[in-house]
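This briefing covers selected local features of one protein model. The sequence and structure come first, and the notes follow by topic.

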Amino acid sequence: MRYWLHWIFIAITLPVMADSLDIDRIFDGGSLAGPAPRLLKISPDGRWVTFLRGEPEQPGRLDLWAYAPDTGKSSILVAASQLQDGDGQLSASEQSRRERSRTTDLHGIVDYHWSPDGKALLFPLDGHLYLYTLGSGQSRARQLDTGAGEVLDPRLSPHGRYVAYVQQHNLWTLDLVTGERHALSHDGGGGVHNGEAEFIAQEEMGRQQGYWWAPDDSLIAFERYDETAVPLTQRLDIHAEGSELVGQHYPFAGGPNVAVRLGLVAPTGGPVRWIDLGPQSDIYLTAVRWRPDARMLSYQRMSRDQQRLDLQAVDVHTLLQRTLLTETSDDWINLNDDLHFLADGRFVWGSERSGFHQLYLYGPQGRLLHAISAGPWAIDELLAVDEAHGKVYFSSNRDAVPDRQIYSLPLDGSAASQPRRISLGEGTHQAVFSRQADFYVDTWSNPLTPPQVSLRRPDGHLLNWLEANPLQPGHPFWSYRDSLIEPEFGTLTAKDGQTLYYRLYKPAGFNPQHRYPVFDSFYGGPHAQSVTNAWGDYFNQYMANQGFVVFTLDNRGTSRRGHAFEQPIYQQLGDAEVEDQLTGLNWLKTLPWVDPERIGVFGWSYGGYLSLMLLAKAGDQIAGGVAVAPVTNWKLYDTFYTERYLGRPQDNPGGYIRSSPMAWLDGMTGKLLLVHGMADDNVLFLNSTELMASLQRQGQSFQLMTYPGGKHGLNNAPGQ
C-alpha cells in the first residue's frame with residue numbers, strides 16, 4: 001500500500017520491468033493476494049458485512065472491519081493494537097485449536113461472532129473476551145469479566161442475554177444484564193472436557209464446536225468427553241531453545257476413542273440431563289443441531305466402522321427420542337453439514353446415497369418427500385435456504401470440475417436435475433448468504449485474477465464491490481504480474497476408465513524445441529482437490545518460472561467427483577493413487593519437450609505419504625522426491641481418518657502393511673528429501689523417525705530437514 005504512488009509514477013513515466021517472484025516473498029507472511037478480507041460474515045439484520053483484514057505493516061495481524069451495503073463504505077471497527085501492545089503468548093489449548101483450524105500463522109483478532117440482533121460483536125483476544133456495540137460511540141471494545149483463566153470458543157446466546165464460553169475444561173455463562181457468571185459443569189480437568197470438541201472432531205469431522213444454544217436461550221446442549229482411556233503419548237517436542245516432553249492423548253488407529261456424552265443444562269446452571277446416545281458406546285458424535293422451535297434437538301451418531309449414520313431427534317422436555325433417518329454404506333459414509341430445519345419441521349438433508357452428494361427434503365417425522373437435486377454431479381455445500389421463495393442455494397463443480405460455482409434450485413424438487421447457475425466468471429466462487437437469502441457476498445478468483453469480493457442479488461446481479469482488488473499499481477502482486485503463467489487444464493483416463501483431471505504450467509519462456517524437467521506437485525488424499533481454477537498457486541508458479549514443467553493431477557480417492565471416484569482406495573491406500581499419478585507421468589513422458597530422466601515429485605501430509613509411495617513403488621521412473629510431514633505407518637495415525645478407509649489394523653493387517661511405504665522401500669532408488677516439524681501433533685514426528693530408521697538399516701541415503709517447534713503446517717517453526 002505505501003508504494004502505491006511510487007508505482008503510479010513509474011507506470012506513467014517508464015515501462016515497468018516485472019520482478020521475478022522468489023521463495024522469500026512467497027513465505028514472508030505478507031499477502032500476495034491483495035486486500036482480500038478474511039472470515040466474511042453478514043449481520044443477522046443484513047445491515048453490515050464484517051470481516052478481518054491484516055494491518056498494512058503486519059498482514060498476519062488482523063483487525064475487525066465492517067462494510068455498510070447501503071453506503072458502500074468500509075471502516076475499521078476494532079484494531080487489535082487498541083487492546084494489546086503485542087501478540088500475547090497463546091495457551092496450549094488455544095494453540096491446539098488454531099492448529100486444527102489452520103490459523104496458527106494469524107494474530108490479533110482471529111475470530112468473532114455477531115449478536116442475534118445485529119447490534120454487537122463478540123471476539124476473544126489474548127485469552128480475554130470483548131464486546132463491541134455498534135453505534136455506541138465507544139472507540140474501544142468493552143472487556144467482559146469472565147473470571148480467571150483463558151476463554152475458549154465464546155458465543156452469544158440467540159436472544160443476546162448470555163455469553164457462553166469454555167474455561168479450564170468447563171462450560172460457563174456470563175449474564176450480560178446482571179454480570180453474574182455461572183458454571184454449567186464442574187468436573188472438567190485431567191481427561192474430562194466439557195463444551196469442547198475432541199481432537200478428531202476438530203481435525204477430521206470439521207466440527208470445532210462442543211456446545212449449542214437453544215434458539216430461545218432456554219438450554220445449552222453440550223458435549224462432555226473423557227479421554228482417559230485414549231493412550232497418553234509422551235511426545236518430545238523439540239524447539240530451538242530446548243525440548244519439552246508433552247503428554248498427548250492420541251487416538252491411534254485400532255485403539256480406544258474418547259468416551260462421549262451429550263447433556264442439556266440451563267444457562268444459569270443446575271442439574272445436567274444426559275441424553276441416551278444408544279446401546280453402543282464406541283460411537284462418534286458427528287453433529288448437533290436444534291430445531292427452530294427449540295422443542296427438539298437433533299444429533300448425528302456414527303458407528304465406529306463409519307458405515308452407519310443415524311439422525312436422531314430428542315424431545316428436550318421428556319428426553320424421548322426417535323430415529324429420523326439412517327444412512328448406510330458398504331464402505332464408508334462421508335460427513336457433510338447440509339442439515340437445515342424449516343419452520344414447519346421439514347428438513348433438508350445431504351446424502352451420497354445416489355453415488356453423488358445431493359439434497360433431499362424430508363417431512364418432520366423423517367419421511368422422504370422428494371429429491372431436491374439429482375444427477376451425476378456433486379454438491380459441495382448447502383449455502384442457504386430461502387423458505388419464503390422456495391429456493392435452495394449451493395456450490396458445485398457441475399459445469400467444470402476444477403471450478404466452484406453457485407447454483408439455485410426450487411425446494412419443491414420440480415427441477416432437480418436442472419440447477420440454475422447464478423455466479424458469473426469461470427473459476428472459484430466462495431459465497432456467504434444473508435440470513436434472509438436476499439443477497440450474498442461472492443469471493444471470486446481464477447489463476448490470473450486475485451480474489452475479488454462483491455455483493456450480489458440472489459440471481460447473481462452485481463450490487464456493489466466490497467473489494468474489487470484489481471491487479472494494478474499498488475497491488476502486492478503488481479511487480480510480479482508478468483511472471484504469471486496461465487495453466488492448462490486437461491483430462492486423462494484411469495485404468496478403470498474414470499476421468500482424471502490435471503493442471504499443467506509450461507515453463508517461462510517455453511520453447512517446444514527444448515526438453516524441460518518436471519515438478520510433479522500433488523496432495524492426492526481424500527477430501528481435497530488440487531486441480532482448481534483459483535488464484536494463489538504461488539509456489540507452482542515459482543517453479544514454472546525456474547524452468548520446470550509443473551504438473552498436478554487429482555487421482556482417484558480425491559474429492560468432488562462422487563463416491564465411485566473415491567472408493568478405489570478402500571482397504572488399501574497408496575495403490576490406486578500411485579497408479580493414477582504414474583498415468584500422468586507416463587503421459588508427460590510422451591511429450592517431446594519433457595525430459596523423462598528429470599521428473600521429481602513433491603507432497604505435504606497425505607501428499608508427503610504419496611511422494612514416498614511413488615518413490616518406493618516406482619523409484620526407477622522418478623529422479624527424486626520431497627515428502628513433507630508424511631504418514632509412514634497408518635497405525636500411527638488417528639482412528640476416524642484411518643479406519644474410514646482401512647478399517648481397524650486388527651481387522652485388516654495386510655491392508656495396513658501394503659499401505660505403508662515401509663513395505664516397498666527396496667524400490668526406493670530416487671533421491672529423497674524428508675521434511676518434518678519436530679512438534680507435529682497431527683502426523684507425529686514418530687512417523688519420520690520410523691522411516692529414517694528403516695532407511696538407515698537398509699543403507700539407503702536420504703536428506704533430512706527438520707523444523708524445531710514446527711507443527712504440521714510448520715507455521716510454528718522459528719522464522720516461519
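**Ser-329 and its surroundings**

A polar atom of the Ser-329 side chain lies 3.0 Å from the backbone oxygen of Trp-332. The model is predicted: local features need pLDDT of at least 70, side-chain atom pairs count only at pLDDT 80 or more, and totals for chains, interfaces and linings use all residues. Residues are numbered from 1 along each chain as its sequence is written, and side-chain values use heavy atoms, with hydrogens and water left out.

- Ser-329 sits in the loop between β24 (321-328) and β25; strands (E, at least two residues) and helices (H or I, at least four) are DSSP runs, numbered from the N terminus.
- The side chain of Ser-329 also makes a polar contact of 3.0 Å with that of Asp-331. A polar contact is a pair of N or O atoms within 3.5 Å; within protein, one must be able to donate a hydrogen and the other to accept it, and residues adjacent in sequence count only if both atoms are side-chain atoms.
- Neighbours within four places in sequence aside, Ser-329 is in contact (heavy atoms within 4.5 Å) with Gln-307 and His-563.

**Sheet and hairpin**

- Four strands form an open sheet in the order β25-β26-β27-β28, with antiparallel pairing; two strands pair if DSSP finds at least two bridges between them.
- β25 (340-341) and β28 (368-371) are the edge strands, each pairing on one side only.
- Three bridges link β27 (residues 358-362) to β28 in the antiparallel sense, and Tyr-362 stands opposite Leu-368 in β28.
- Strands β35 (residues 449-456) and β36 (residues 462-467) run antiparallel and are joined by four bridges, with Val-453 opposite Glu-467 in β36.
- The hairpin of β35 and β36 has five residues between the strands, and Gly-460 there takes a positive phi near 95 degrees.

**Helix α10**

- Helix α10 (residues 639-646) is largely enclosed by the rest of the structure, because eight of its eight residues are buried. Buried means under 20% relative accessible area, exposed over 50%, and partly exposed in between (1.4 Å probe, protein chains only).
- The buried residues of α10 pack against α5 (199-205), β21 (283-290), β22 (296-303), α9 and α11 (653-658).
- Asp-638 caps the N-terminal end of α10, with a side-chain oxygen 3.2 Å from the backbone nitrogen of Phe-640.
- Just after α10, Gly-647 has a positive phi of about 70 degrees.

**Nonpolar cores**

- The largest nonpolar core has 78 residues, and Phe-347 and Trp-634 have the most contacts inside it. Such a core is a set of buried Ala, Val, Leu, Ile, Met, Phe, Trp, Tyr and Cys residues joined through side-chain atoms within 4.5 Å.
- Helix α9 gives the most to this core, with eight residues.
- Apart from this core lies another, of 22 residues, including Ala-33, Tyr-480, Phe-602 and Val-626.
- Beyond four places in sequence, the contacts of Phe-347 include Leu-311, Leu-324, Tyr-360 and Tyr-362.

- Most residues other than glycine have a negative phi.
- His-169, which is not a glycine, has a positive phi of about 70 degrees. His-169 lies in the loop between β11 (162-167) and β12 (170-175) and is partly exposed, at 22% relative accessible area.
- Ser-605 also has a positive phi, near 65 degrees. Ser-605 is in the loop between β41 (594-604) and α9 (606-617) and counts as buried at 14% relative accessibility.
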